[in-house]
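Here is a short report on one protein model. It covers sheet, helices and nonpolar cores in turn.

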Amino acid sequence: MIDFPKQKIVVAGAGSAGIGVVNAARKTMARMLGNTEHAFDSAKSQFWVVDANGLITDKRENIDPDALPFARNTNEAGRQGLREGSSLVEVVRQVRPDVLLGLSGVGGLFSKEVLEALKGSTSAKPAIFAMSNPTKNAECTPEEAFSIVGDNIIFASGSPFRDVDLGNGQIGHSNQGNNMYLFPGIGLGTLLSGSRIISDGMLQAAAERLAAYITEDEVLKGMIFPPISKIRDITKEVAAAVVKEAVEEDLAEGYRDIDARELQKICQNEEEVLEYVENSMWSPEYPTLVYKRG
């Protein structure tokens with residue numbers, strides 16, 4: 001995960017969902033770089049945002065205020081061989097990104113030409129995230145991604161797809177970006193912390209804990225989510241991360257007979273906070289509590 005702040009990410013889609021995802025990713029990069037104002041400002045340079053009118057630069061007229069922080073400097077873009085309105089193919093070809101992120105709602109946007117351009121990625125294992133729903137709106141299918149870019153990619157989508165048989169016993173994993181891995185843990189962790197809000201930091205802590213749950217071997221195989229059979233243990237881990245972050249941000253007020261001061265003591269030890277969460281999961285109230293509060 002230490003490489004994440006260095007990733008070059010080309011984003012197709014600048015609507016509210018697209019910019020929301022980019023903002024969250026930027027905050028996570030800044031968090032990993034020390035959570036300073038400088039880190040937050042510099043993290044925006046890792047994104048190239050492309051909408052229906054092409055690459056967004058500071059020369060764009062009537063630019064959406066939410067997209068403005070990610071508008072590329074025109075002179076900088078020129079040095080990369082790009083300009084205001086450069087096409088997605090041009091941007092992918094010149095930037096050679098680590099990640100191609102689709103949040104456009106336009107089915108088939110990642111055409112053969114776009115995917116061919118991604119073969120020039122500087123990453124040894126580029127990621128293609130075709131996140132738009134429903135299936136017909138996915139920017140590409142896993143079959144297209146693996147057949148054009150090659151076997152050594154990471155693929156994820158918003159809609160479910162079958163894994164791809166790559167031959168010779170190899171499987172191309174079609175990871176589905178599903179919130180089921182996070183929502184129960186976020187709900188439970190918020191409840192057990194007694195926090196009145198769910199902060200961006202709590203969401204980021206949850207995502208980081210899920211990412212850390214994946215082994216290096218699984219990543220090398222193209223897997224970015226753990227098996228669903230581990231969902232209960234994942235929920236425990238995510239909830240513990242959320243509790244700790246709530247305490248760190250001074251949002252935790254405690255739960256039942258555990259007050260805020262006691263919770264601070266518990267969170268000083270990783271094993272203790274995991275035990276605190278696990279004990280609550282055996283409560284008969286657990287499912288109701290998580291989904292009612294979450």
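## Sheet pairing

L55 in β3 is the bridge partner of V50. This is a predicted model: local features need pLDDT of at least 70 and side-chain atom pairs count only at pLDDT 80 or more, while totals for chains, interfaces and linings use all residues. Residues are numbered from 1 along each chain as its sequence is written, and side-chain values use heavy atoms, with hydrogens and water left out.

Strand β2 (residues 47-51) and β3 run antiparallel, joined by 2 bridges. Two strands pair if DSSP finds at least two bridges between them. Strands (E, at least two residues) and helices (H or I, at least four) are DSSP runs, numbered from the N terminus. The open sheet has 7 strands with mixed pairing, in the order β3-β2-β1-β4-β5-β6-β9. β3 (54-55) and β9 (174-176) stand at the edges; each has a single partner strand, so one side of each is left without a neighbour in the sheet.

## Strand β1

Which strands pair with β1? β2 does, in the parallel sense, over 4 bridges. Strand β4 (residues 99-102) also runs parallel to β1, again over 4 bridges. V11 has a bridge partner in each: V49 in β2 and L101 in β4.

Both faces of β1 (residues 9-12) are covered. I9 and V11 lie on one side, V10 and A12 on the other, and all are buried. Buried means under 20% relative accessible area, exposed over 50%, and partly exposed in between (1.4 Å probe, protein chains only).

G194 follows α7 and has a positive phi, near 80°.

A211 is found in helix α8. A211 is partly exposed, at 36% relative accessible area. Its C-alpha atom is separated by 24 Å from that of V49, 162 residues apart along the chain.

## Helix α12

Buried residues of α12 are V273, L274, Y276, V277, S280 and M281. They cover an arc of only 155° around the axis, which puts them on the same side of α12. The arc is that of the directions from the helix axis to the C-beta atoms. Exposed E271 and N279 sit on the face turned away from the buried side. At the start of α12, a side-chain oxygen of N269 comes within 2.9 Å of the backbone nitrogen of E271.

## Nonpolar cores

In soluble globular proteins, nonpolar side chains tend to be buried together. A nonpolar core here is a set of buried Ala, Val, Leu, Ile, Met, Phe, Trp, Tyr and Cys residues joined through side-chain atoms within 4.5 Å. The largest has 29 residues, of which L192, V238, L263, Y276 and V277 touch the most other members. At least two residues come from each of α7 (183-193), α8 (200-213), α10 (231-248), α11 (260-266) and α12. α10 gives the most, with 8 residues.

What does V277 touch, not counting residues up to four places away in sequence? V277 contacts L188, L192, K236, A239 and A240, with contact meaning heavy atoms within 4.5 Å.

Note on methods
Polar contact = N/O pair within 3.5 Å; in protein donor to acceptor, adjacent residues only side chain to side chain.
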